[in-house]
Amino acid sequence: SWRTEMIEEINRINQFLPNTPAHEKTAAIKQWIDSVIDKMDHYKAAHHRYVKQAVTLLELAVWKAKLDEMEESSAEGRAKKAKIDAESARKEKRITCGADTVIKNVLP
């Protein structure tokens, strides 16, 4: 897991630093810090991708729920609309479904 890898990377300094000659310790520590930061950046980027996928799925789910509501209300009493009207209604629901509000309240 990412947590295990980060702990191992952080603890790695304790394995090689005691055996590093004094005049090379500063460079070794700098190299180790760079390695830790690179790993953190890698996992932050992966996390960002997962969050982006989750937000997209959440938006689509909210949109789908609004479309289902629209279909239920139109089936109750209105006649079927032309395909063009249905397409424009779908696009309108995508904008007005409230997903942006839901996402703001879900994400930190």
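Colleague: Which residues form a nonpolar patch on the surface?

Modeller: Ile 29, Ile 33 and Ile 37 form that patch, and together they have about 220 Å² of accessible area (Shrake-Rupley method, 1.4 Å probe, with only the protein chains shown counting as cover for residues). Patch residues have over 30% relative accessible area and no salt bridge; like charges are joined within 9 Å and nonpolar side chains (Val, Leu, Ile, Met, Phe, Trp, Tyr) within 5 Å. A salt bridge is a side-chain nitrogen of Lys or Arg within 4 Å of a carboxyl oxygen of Asp or Glu. Please keep in mind that this is a predicted model, in which local features need pLDDT of at least 70 and side-chain atom pairs count only at pLDDT 80 or more, while totals for chains, interfaces and linings use all residues. Residues are numbered from 1 along each chain as its sequence is written, and side-chain values use heavy atoms, leaving out hydrogens and water.

Colleague: Okay, and where is Ile 33?

Modeller: Ile 33 sits in helix H2, and it counts as partly exposed because its relative accessibility is 37% (under 20% is buried, over 50% exposed, and in between partly exposed, with a 1.4 Å probe and protein chains only).

Colleague: How many helices and strands does the chain have?

Modeller: There are four helices and zero strands, so helices and strands here being DSSP runs numbered from the N terminus (H or I, at least four residues, for a helix; E, at least two, for a strand), the elements read α-α-α-α from the N terminus on.

Colleague: What makes up the largest nonpolar core?

Modeller: It has five residues in all, namely Met 6, Ile 13, Leu 17, Trp 32 and Val 36, and H1 and H2 each supply at least two residues of this core. Such a core is a set of buried Ala, Val, Leu, Ile, Met, Phe, Trp, Tyr and Cys residues joined through side-chain atoms within 4.5 Å. Leaving aside residues up to four places away in sequence, Leu 17 touches Lys 25 and Ile 29 (contact means heavy atoms within 4.5 Å).

Colleague: Is Glu 9 buried or exposed?

Modeller: Glu 9 is buried, because its relative accessible area is 9%, and its place is in helix H1. Beyond residues up to four places away in sequence, Glu 9 touches Trp 32, Ser 35, Val 36 and Lys 39. Glu 9 and Trp 32 are 23 residues apart in sequence, with 8.4 Å from C-alpha to C-alpha.

Colleague: Switching to rings, how many aromatic pairs are there?

Modeller: The count comes to one aromatic pair: Trp 2 and Tyr 43 are tilted, at 6.5 Å centre to centre and 50° between the planes. This pair links distant parts of the chain, with Trp 2 in helix H1 (residues 2-16) and Tyr 43 in helix H2 (residues 25-77), 41 residues apart. Rings of Phe, Tyr and Trp (its six-membered ring) pair if their centres lie within 6.5 Å, and planes under 30 degrees apart count as stacked, over 60 as edge-to-face and the rest as tilted.

Colleague: And what about Lys 66, where does it lie?

Modeller: Lys 66 lies in helix H2 and is partly exposed, because its relative accessibility is 27%. Its C-alpha atom is separated by 6.0 Å from that of Cys 97, 31 residues apart along the chain.
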